[in-house]
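Please keep the sequence and the structure in view while reading.

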Amino acid sequence: MPKNTKVTQREHSNEPVTESVADLLSLEHPMDYKSSQMSMGLSPGSTAPVKALLPSPDPDAEDGRPAWNNKLEYILAQVGFSVGLGNVWRFPYLCQKNGGGAYLVPYFILLLLIGIPLFFLELAVGQRIRRGSIGVWNYVYPQLGGIGVSSLMVCGFVGLYYNVIIGWSIFYFFQSFQYPLPWAECPIQRNGTQAIVVPECEKSSATTYFWYRQTLNITSSIDDTGGLNWKMTLSLLVAWILVCLAVIKGIQSSGKVMYFSSLFPYVVLFCFLVRGLLLKGAVDGIAHMFTPKLEKMLEPQVWREAATQVFFALGLGFGGVIAFSSYNKRDNNCHFDATLVSVINFVTSILATLVVFAVLGFKANVMNEKCVVDNAEKILGYLNTGVLSKELIPPHINFSHLSTEDYAEMYGVIKTVKEGSFDQLGLDACMLEDELNKAVQGTGLAFIAFTEAMTHFPASPFWSVMFFFMLINLGLGSMIGTMTGITTPILDAFKIRKEILCVACCVIAFLLGLLFVQRSGNYFVTMFDDYSAGLPLTVVVILENISVAWIYGTKRFMQDLEDMLGFKPYSFYYYMWRYVSPAVLVVLIIATVIEMAISPAGYNAWVEAEGAERFHSYPPWALAMAYALIVVAMLPLPIVYIVRHFNLISDGSNKLSVSYRKGMMKDISNLEEQDEQRFILGKNPSETPSPMPAHRAYLGPGGTQEMTNTNYGTSTKTGYQNIGSPESEL
């Protein structure tokens, strides 16, 4: 290092210098201004450490971090993570429940207010800092480093039960290779010389019986575990093997997998849409979807559920979005990525909803025709026994070819004439609208409603194989993102072989997942789905928003984006991050807490004797377990804050003594460019890289003065502190 620089003069003075500072000054990595990272805004008088880890000249090439082979693989990976099983069954269910087309309005509004802005935020910080969720938030604000740990915990909880659903899909996939499909008809049992339909199946339906009895072999309550279901245990093992193989190969291989796993579901959805539109009654289902019930838009519950769906549809807070974007080059246009993936996600939800409503329209017509036939037989019996007079039947009605319109006319006449004793006849109205209004949620939509509709398809095994193969692909795409959200932060923090970590995670997850493949396992899937992710993820995302927009600073973050992207982002994002998104998230948290307080905590148990579900409240131990999931997921937030606030553990950065920090900040701010480069590189000026081009500080919307950053009483222009590349070998 040249002896005449101001810094070396400072070093030879009597000012105390900590050992870590000496280590820092001895580093001889060249400074790459363009690749420097975000700095933590410090208030005057703060004693928080200043991060000054120096990256290599070309981080993308020399930090050992993998990178996407091309932009398309990255986009497909993000699409595969965000587009999942929820798009196929959760969104259509909410659309059906909350007013059809009217539900699309609040969903689209909230997608603009919280969905795209927060998705853009996560993409940007992951790409800028090039670390997983734990590393990102440790560097943005160490005291909120628990954000990344909570994300990892939630990913773990969700991955445990999400892979069980993939296991169910694998079981149905292999069961589909037979004709007729095993859930097409109720099984027959022998009672001596007499053959009768299994009573449980007769009281429900063939597809419902196959789901609850043949697949889950479910118990009647959560208290009765019933032991392991070996068929589901094997299916879960296969699911974890597939996930492990996909994740262990890394993003170079998983990116290629995404070509198939992300695109194949769209092929199947389009095939189902074309086939569904050719089915009888499909138009009735589509019309039902796009007939808006505008009064529903005035209900707060609709907006809360729309916000929650936007929140989970994009995978916000899981860490997978940050992990995937951390493998990008720093000049990648993540704003375009955020908009594109969000639009694709929304369009996919609409496409899946069209398919679902076409199939439900067909199913509703089939069930309505069955209702007409069953009730027509009752009326014929009443006519033959003299309970009803034949004069009540209009002369043009032919019972051998009875249409729904003819039945409705006959039903209306009988109801009017027999008003006093009509209820005793036990006749149903058989209204198509009633069938369409029967909302089927979650697993019931895929494993009961869809399977029942497919039994009426020509070549039903082919469509069943295609459908469940699509579900497996959708699930695997989301699971790869979820597992990446777990493994990337750990690999960034510790030197460990990726193969060993992935195998260990999958083995542990499979063993813990045995909870869900007991005969009572479906009740625990419901519990984890209701409690492990909703509130903790919302808290995680609002803290992400606050740490960037209010602690780090929205103006500084906008300047970082301008330097990274090469253009200034729209002022729309400034106001969303600063005010609107945090306000919406606060309202969502309050609404969620209120709903948890006033709604009874319980689950729908299958009652074998009745062949139907009945709501049961959680026993005390199960209720304690449900709330423990919330507490455990959010516990890292206060713990990390406390230990970092009181300096009980290090945040991993080099620490400067207060006396040295004041002098160093003043001297470095006055260094000439060549002196500064020689100080950092320890080389001649001719060997140094060209400095970063001067840039204009972001003034904020309507700003007129250049932004400054005050550190320890010294005013300096806003700059970046450099973050080192991950030490792990990925």
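This is a predicted model: local features need pLDDT of at least 70, side-chain atom pairs count only at pLDDT 80 or more; totals for chains, interfaces and linings use all residues.

In which hand, left or right, does α11 pass α21 in their crossing? The crossing is right-handed. Helix α11 covers residues 230-248 and helix α21 covers residues 460-493; their axes come within 10 Å and cross at roughly 60 degrees. Angles from 65 to 115 degrees count as roughly perpendicular and those under 35 as roughly parallel; α11 and α21 are therefore oblique to each other. On the side of α11, the contact is formed by Trp240, Leu242, Val243, Ala246 and Val247, while α21 contributes Leu476, Met479, Ile480, Met483 and Thr487. By class, these residues comprise 9 nonpolar and 1 polar, with no charged residue.

The protein has 730 residues, of which 56% count as buried. Its secondary structure consists of 29 helices and 6 strands. Among contacts with a sequence separation of 6 or more, 82% are between residues 24 or more positions apart.

A second pair of helices may be set beside the one already described. Helix α6 (residues 101-129) packs against helix α24 (residues 534-565) at an angle of about 65 degrees, and their axes are 10 Å apart. Since angles from 65 to 115 degrees are counted as roughly perpendicular, α6 and α24 are assigned to that class. Their crossing is left-handed. From α6, the residues taking part are Leu118, Phe120, Leu121, Glu122, Ala124, Val125, Gln127 and Arg128; they meet Val541, Glu544, Asn545, Val548, Phe557, Asp560, Leu561, Met564 and Leu565 of α24. This contact is made up of 11 nonpolar, 2 polar and 4 charged residues.

The next topic comes from a record. An unreviewed UniProt entry carries the annotation "binding site" for Gly80, Val83, Asn87, Asn345, Leu474 and Ser478. These positions span 399 residues in sequence, yet no two of their C-alpha atoms are more than 12.7 Å apart, so they gather at one spot.

Two of the annotated residues show how this spot is built. Val83 is located in the loop between α4 (71-82) and α5 (85-97). Buried means under 20% relative accessible area, and Val83 counts as buried because its value is 3%. Leaving out residues up to four places away in sequence, Val83 touches Tyr266, Asn345, Thr348, Leu474 and Ser478. Asn345, in turn, belongs to helix α16 (residues 334-385). Asn345 is also buried, with a relative accessible area of 1%.

Beyond its neighbours within four places in sequence, Leu588 makes contact with Arg304, Ala307, Thr308 and Thr538. Leu588 and Val539 are 49 residues apart in sequence, while their C-alpha atoms are 9.8 Å apart in space.

The backbone deserves attention as well. Most residues other than glycine have a negative phi, and most peptide bonds are trans. The peptide bond from Tyr179 to Pro180 is cis, with omega near -5 degrees. Pro180 is situated in the loop between α8 (146-175) and β1 (188-191).

Asn217 has a positive phi of about 45 degrees, although this residue is not a glycine. Asn217 lies in the loop between α10 (206-215) and α11, and with a relative accessibility of 29% it counts as partly exposed. Ala459, also not a glycine, has a positive phi of about 55 degrees. The loop that holds Ala459 runs between α20 (443-454) and α21. These last two loops return the reader to the opening pair, for the loop of Asn217 is followed in the text above by α11 and that of Ala459 by α21.

Key. Residues are numbered from 1 along each chain as its sequence is written. Side-chain values use heavy atoms; hydrogens and water are left out. UniProt positions are given in the numbering used here, feature names are shortened, and annotations may be inferred rather than shown by experiment. Helices (H or I, at least four residues) and strands (E, at least two) are DSSP runs, numbered from the N terminus. Buried means under 20% relative accessible area, exposed over 50%, partly exposed in between (1.4 Å probe, protein chains only). Contact means heavy atoms within 4.5 Å. Axes are lines fitted to C-alpha atoms, for helices over the stretch in contact, and angles run from 0 to 180 degrees between N-to-C directions. Angles under 35 degrees count as roughly parallel, over 145 as roughly antiparallel, 65 to 115 as roughly perpendicular and the rest as oblique. A crossing is left-handed if the near helix is turned anticlockwise from the far one by less than a right angle, and right-handed if clockwise. Ala, Val, Leu, Ile, Met, Phe, Trp, Tyr, Cys and Pro count as nonpolar, Asp, Glu, Lys and Arg as charged, and the others, Gly among them, as polar.
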